[in-house]
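These are my notebook entries on a structure that I had not examined before. I set down what I looked up, entry by entry.

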Amino acid sequence: MIYLQLFWTFFKIGLFTIGGGQAMIPMISQEVVEKGWLTLDEVQSFIAISESTPGPFAVNISTFVGMRTAGIPGALCATFGVVLPSFLIIILVAKFYEKFRKSSIVQGCMTGLKPAVVGLIAAALVTTGQAVFFPAGISAGVFTTPAFLCSAGIFAAMLALSLKNLHPIVVILISAALGVLTGWCFGL
């Protein structure tokens with residue numbers, strides 16, 4: 001039964017999330033926490049791991065959640081569930097590409113979806129930002145804690161490096177190294 005639940009949950013996530021992996025973060029968080037598969041803190045950790053490992057975010061996060069919930073069969077079911085909708089939709093789009101491309105209805109739909117995708121990514125940014133910078137809630141004291149100062153410093157440094165067109169892999173490796181170093185130095 002858990003395998004079917006994993007497949008169906010991630011199938012819905014894959015089907016109804018438009019805009020890539022980051023746009024599915026709010027839906028993944030809600031689904032897996034409500035079902036009791038992970039806590040919100042665990043979801044945040046899995047998001048960080050999924051973003052840091054090679055491969056598409058959706059595949060990584062579904063595989064991690066499935067593995068944690070029901071072992072290798074769970075990982076396979078969740079991963080297959082999240083990938084299948086995109087696979088089916090791409091086959092349909094490829095088959096009817098010319099018709100879809102010139103349709104004013106489809107163009108209007110895509111125009112309407114763009115702001116929704118930006119909104120979902122912004123929601124993921126806010127949720128993840130709260131978990132990283134303000135895990136115990138926002139208060140004046142949180143701005144002076146080593147955890148906040150280290151996180152804010154790493155964020156600022158990585159933002160500056162990414163704006164200088166540094167390759168994303170280098171940014172990820174530097175941020176991981178800084179995270180390990182600050183965790184080791186400050187016991188975070």
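**Entry 1**

I began with L15, which is in contact with P85 and I89 once its neighbours within four places in sequence are left aside; contact means heavy atoms within 4.5 Å. The model is predicted: local features need pLDDT of at least 70, side-chain atom pairs count only at pLDDT 80 or more, and totals for chains, interfaces and linings use all residues. Residues are numbered from 1 along each chain as its sequence is written, and side-chain values use heavy atoms, with hydrogens and water left out.

I located L15 in helix 1. Helices (H or I, at least four residues) and strands (E, at least two) are DSSP runs, numbered from the N terminus. The terms are set as follows: buried is under 20% relative accessible area, exposed is over 50%, and partly exposed is in between (1.4 Å probe, protein chains only). I also looked up L84, whose C-alpha atom is separated by 8.4 Å from that of L15, although the two residues are 69 residues apart along the chain.

Helix 1 covers residues 2–16, and its 15 residues reach 21 Å from the first C-alpha to the last, close to the 21 Å expected at 1.5 Å a residue. The expected span is 1.5 Å times one less than the number of residues. I listed the buried residues of helix 1 as L6, T9, F10, F11, I13 and G14. These buried residues pack against helix 2 (25–34) and helix 4.

**Entry 2: The course of helix 4**

Where does helix 4 bend? I found a bend of about 145° at A70, with a proline, P73, following within four residues. The bend at a residue is the angle between axes fitted to the seven residues ending there and the seven starting there.

**Entry 3: Aromatic rings**

I applied the pairing rule for rings of Phe, Tyr and Trp (its six-membered ring): centres lie within 6.5 Å, and planes under 30 degrees apart count as stacked, over 60 as edge-to-face and the rest as tilted. By this rule I counted four aromatic pairs. One of them joins F46 and F64, whose ring centres are 5.7 Å apart and whose planes stand at 35°, so the pair is tilted. This pair links distant parts of the chain, with F46 in helix 3 (residues 40–52) and F64 in helix 4 (residues 57–95), 18 residues apart. F46 is buried at a relative accessible area of 12%, whereas F64 is partly exposed at 26%.

I also noted a cluster in which ring pairs link F7, W8, F11 and F80. For W37, I found the charged end of K35 over the ring, 5.9 Å from its centre. A charge sits over a ring if NZ of Lys or CZ of Arg is within 6 Å of the ring centre and within 35 degrees of the ring normal.

**Entry 4: Q44 and its partners**

I placed Q44 in helix 3 and found that Q44 is buried, with a relative accessible area of 11%. Which residues does Q44 touch, not counting residues up to four places away in sequence? They are T127, T128 and A131. Of these, I followed T128, which is found in helix 6 (residues 104–133) and is partly exposed at 23% relative accessibility.

**Entry 5: A loop residue and the whole protein**

I looked up N165 in the loop between helix 7 (146–163) and helix 8 (168–186). N165 is exposed, with a relative accessible area of 72%, and its phi is near 60°, a positive value in a residue other than glycine.

I closed with the whole protein. It has eight helices and zero strands, and its C-alpha trace spans about 55 × 40 × 30 Å along the principal axes. Buried residues make up 28% of the 188 residues.
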